[in-house]
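Open the model in your viewer and keep the selection panel at hand. This tour goes from stop to stop, saying what to select and what is there.

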Amino acid sequence: MLGFAEHEGSFLVGAAAALACGCDDIGFIGGQEIDLIKKFEAGYTAGAEYINPNIEVRVQYLGAAGDNAAWGSPDKAKEIANSWYADGAEVIYTAAGGSGAGTREAAAESEKWAIGVDSDEYLIAPEDQKPYILTSMLKRVDTAVFDVYSQFEGDNLASSIESTGGFFTYDLASDGVGYSTSGGHIDEYTDQLDEIKDMIVAGDIEVPTTP
């Protein structure tokens, strides 16, 4: 079974949000209010607070555990995002599946920042939204699959399963998570973000998994 250190990647995009906006007001929209998505929230908040201890992170979930509509409600995400942008929030990170499209729409309309999740949303967004996609938190599924295939090909998979209990976690150290730079919106901050990444990998920064 493959898992990812979503909180570590989210820490980096939280830091990017605080660096890029130079503000005290950002937001996080989650899908179902479950432990997995709270990892995204926890990392994002911690990363933003690492840069700006006084920053406010607004948080709202689109549904309770088991509410599958939470992953496909872009209209609801857009309504929340529009409200927050109008009230002063400068960046919103959404970890809610297809609902994130609503945040991107709101960001473009408000001319503020959105942060994507799992894949590089800049690459799939309409042209009018691209100027407002600050970055995306990446889950490097390609890295994970290649790694497992390499172990299988090298006949090391059995011993790896025995040592890990069959659960493989891909984190910053293994390039299993990260952040996108498409659009060039965070180019001036990548050196600082990579320094933070190195500190997380070295254990100098401990990223929380719960808010």
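## Stop one: a loop residue

Select Asn 52, in the loop between α2 (35–51) and β3. Helices (H or I, at least four residues) and strands (E, at least two) are DSSP runs, numbered from the N terminus. The model is predicted: local features need pLDDT of at least 70, side-chain atom pairs count only at pLDDT 80 or more, and totals for chains, interfaces and linings use all residues. Residues are numbered from 1 along each chain as its sequence is written, and side-chain values use heavy atoms, with hydrogens and water left out.

Is Asn 52 buried or exposed? Its relative accessible area is 14%, so Asn 52 is buried. Buried means under 20% relative accessible area, exposed over 50%, and partly exposed in between (1.4 Å probe, protein chains only). Now show its surroundings. Leaving aside neighbours within four places in sequence, Asn 52 is in contact with Cys 23 and Asp 24. Contact means heavy atoms within 4.5 Å.

## The whole chain

Zoom out and colour by secondary structure. The protein chain has 7 helices and 8 strands. Of its 211 residues, 50% are buried. Take the contacts between residues at least 6 apart in sequence: 71% of them join residues at least 24 apart.

## Arg 58 in β3

Next, select strand β3, residues 56–63, and pick out Arg 58. Arg 58 has 14% relative accessibility and therefore counts as buried. Show side chains. Which side chains make polar contacts with that of Arg 58? One is the side chain of Asp 25, at 2.8 Å. Another is the side chain of Asp 87, at 3.0 Å. A polar contact is a pair of N or O atoms within 3.5 Å; within protein, one must be able to donate a hydrogen and the other to accept it, and residues adjacent in sequence count only if both atoms are side-chain atoms.

Neighbours within four places in sequence aside, Arg 58 contacts Asp 25, Ile 26, Gly 27, Phe 28, Trp 84, Asp 87, Gly 88 and Ala 89.

## The α1 and α7 pair

Select helix α1 (residues 6–21) and helix α7 (residues 190–202). Their axes come within 10 Å and cross at roughly 150°. Axes are lines fitted to C-alpha atoms, for helices over the stretch in contact, and angles run from 0 to 180 degrees between N-to-C directions. The two helices are therefore roughly antiparallel. The cut-offs are under 35 degrees for roughly parallel, over 145 for roughly antiparallel, 65 to 115 for roughly perpendicular, and oblique for the rest.

The crossing of α1 and α7 is right-handed. A crossing is left-handed if the near helix is turned anticlockwise from the far one by less than a right angle, and right-handed if clockwise. From α1, show Glu 8, Phe 11, Leu 12, Ala 15, Ala 16 and Leu 19; from α7, show Gln 192, Leu 193, Ile 196, Lys 197 and Ile 200. These contact residues divide into 8 nonpolar, 1 polar and 2 charged. Ala, Val, Leu, Ile, Met, Phe, Trp, Tyr, Cys and Pro count as nonpolar, Asp, Glu, Lys and Arg as charged, and the others, Gly among them, as polar.

## The α3 and α4 pair

Move to helix α3 (residues 74–86) and helix α4 (residues 100–110). They pack at about 35°, with axes 7 Å apart. This crossing is right-handed. On the α3 side, the contact residues include Pro 74, Ala 77 and Lys 78; on the α4 side, they include Ala 101, Gly 102 and Thr 103. The contact has 7 nonpolar, 4 polar and 3 charged residues.

Centre on Lys 78 in α3.

## Two positive phi values

Step on to Glu 111, in the loop between α4 and β5. Glu 111 is not a glycine, yet its phi is positive, about 55°. At 59% relative accessibility, Glu 111 counts as exposed.

End at Asp 118 in strand β5. Its phi is also positive, near 75°, in a residue other than glycine. At 35% relative accessibility, Asp 118 counts as partly exposed.
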